[in-house]
Amino acid sequence: MLTDMHVHLQDIPDPLMCKSILSLGQDLRTGQFVCNGTRPEDWQAVEKFAAEDRRVVPFFGVHPWYAGKLPSDWYGLLEDFLKRNPKAGVGEVGLDKACPVDFARQTEVFHRQIEIAGRFARPLSIHCVRAASAILNVLKRSLPPNTRFMIHSYQGSKEMMRELLNLGAYISFSWKSLQRDTEESIALMRNVPLDRLLLETDFPYTEPGRVGADAHDEKYYETLQGVYDLAERAKGVDVEALEKAVWKNGTAFLSGAPAR
Ligand SMILES: [Zn+2]
C-alpha cells in the first residue's frame, strides 16, 4: 500500500481531476493522502476532503508564505479545527528564507504552531527552505517532548539532516526534491535510516513554489510512483519492504504508535 505523506488536494485547480486522483487511488493501492492546509482560508476544504474520504488525513496549519496576513483569530480557529478533527496534524508550517514575508513574523507564527502541536499531541509537517539552521534552533529550543515531526520535501545538507534525525525527525522526499539533483538526493536518502523515511508528492506543486502546467491526474501517479522507485534504488530494498517500511513510518508519525 502506498502513502502520500504530503499533498495539497485543495489546490488542485480542477475538482474533477481531484476526484479522478482519489478514485484512481483505489486501483493503484494508494491508501493514504496526507492533505496539508496552508492558511485559514483552505482549512475547511481540507476538512471536507477528510470527511468525504477516509484515506485523507487532514493537516491544518499556516505556511510561512501566509504568515504575514493572517486574520486576528487564526490561532483560535486552528484550535477549533484540531478539536473537531482528532486525527488531524499541524501543517504545513515552517520557515522560508526565499519568500518575502518578514522572517521574525514567520518565526513567531511557527513557534505558536509548535506550541499548539505539543498541547494537542499532534504531529507537525514542516516546510524548510534555506532556513535549516533556524528551524533546528527553534526545534531545539521549543519542541515539546514526544512531539513527532517531519521535514517535508527535504533538500538540505547531510550534516543538517543528521542533526534533525537526532531530534527525532522523519525525513520526507518529494518528486521535486529528487528531481533537482537526483544523484545527490539519492545519496542523501541513503543516509536516512529506513525507519525514518517518508515519501510524498507535494502535488500539485510539481514545480518549485507553484502549480505546474503538468499537474494532472496521470502526472500525480507518475510522481508518486517515481518517488517510490527512486527510494527503492537508494535504499536497496525490494518494493514490498520499502512500501511496508514507509507505511509503518507514516503510521508512527501520524498516530504516535510505536513503530514495530
Ligand atoms: Zn506543501
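Apart from residues up to four places away in sequence, Leu 224 touches Leu 2, Thr 3, Asp 4, Thr 30 and Thr 201, a contact being heavy atoms within 4.5 Å. The model is a predicted one, in which local features need pLDDT of at least 70 and side-chain atom pairs count only at pLDDT 80 or more, whereas totals for chains, interfaces and linings use all residues. Residues are numbered from 1 along each chain as its sequence is written, and side-chain values use heavy atoms, with hydrogens and water left out.

Leu 224 is found in helix 9, helices being DSSP runs of H or I with at least four residues and strands runs of E with at least two, numbered from the N terminus. With a relative accessible area of 0%, Leu 224 is buried, a term that stands for under 20% relative accessible area, against over 50% for exposed and in between for partly exposed (1.4 Å probe, protein chains only). Between the C-alpha atoms of Leu 224 and His 63, which are 161 residues apart in sequence, the distance is 23 Å.

The zinc ion is coordinated by His 6 (NE2), His 8 (NE2), Glu 92 (OE) and Asp 202 (OD), at 2.1 to 2.4 Å; donors are N, O and S atoms within 2.8 Å of the metal (3.2 Å for Na, K and Ca), and sites may look incomplete because water is not among the atoms. The arrangement is irregular because the four donor atoms subtend angles of 82 to 173° around the zinc ion, where four donors count as tetrahedral if all angles lie between 85 and 135 degrees, four count as square planar and six as octahedral if opposite donors are over 155 degrees apart and all others between 65 and 115, and anything else is irregular. His 8 lies in the loop between strand 1 (2-7) and helix 1 (15-27) and Glu 92 in strand 4 (residues 89-96), so the pair ties together parts that are 84 residues apart in sequence. Both His 8 and Glu 92 are buried.

The largest nonpolar core comprises 77 residues, and those with the most contacts inside it are Leu 9, Ile 171 and Phe 173; such a core is a set of buried Ala, Val, Leu, Ile, Met, Phe, Trp, Tyr and Cys residues joined through side-chain atoms within 4.5 Å. Helix 9 (residues 217-235) gives the most to this core, with eight residues. Apart from this core lies another, of ten residues, among them Met 5, Val 57, Phe 59 and Leu 198.

Two loop residues were also examined. Thr 147 is placed in the loop between helix 5 (132-142) and strand 6 (149-151) and, at 11% relative accessibility, counts as buried. Leaving aside neighbours within four places in sequence, Thr 147 is in contact with Ala 117, Gly 118, Arg 122 and Leu 124, while its C-alpha atom is separated by 23 Å from that of His 8, 139 residues apart along the chain. Ser 153, in the loop between strand 6 and helix 6 (158-166), likewise counts as buried, at 4% relative accessibility. Not counting residues up to four places away in sequence, Ser 153 touches Ser 172, Ser 174, Lys 176, Ser 177 and Glu 200.
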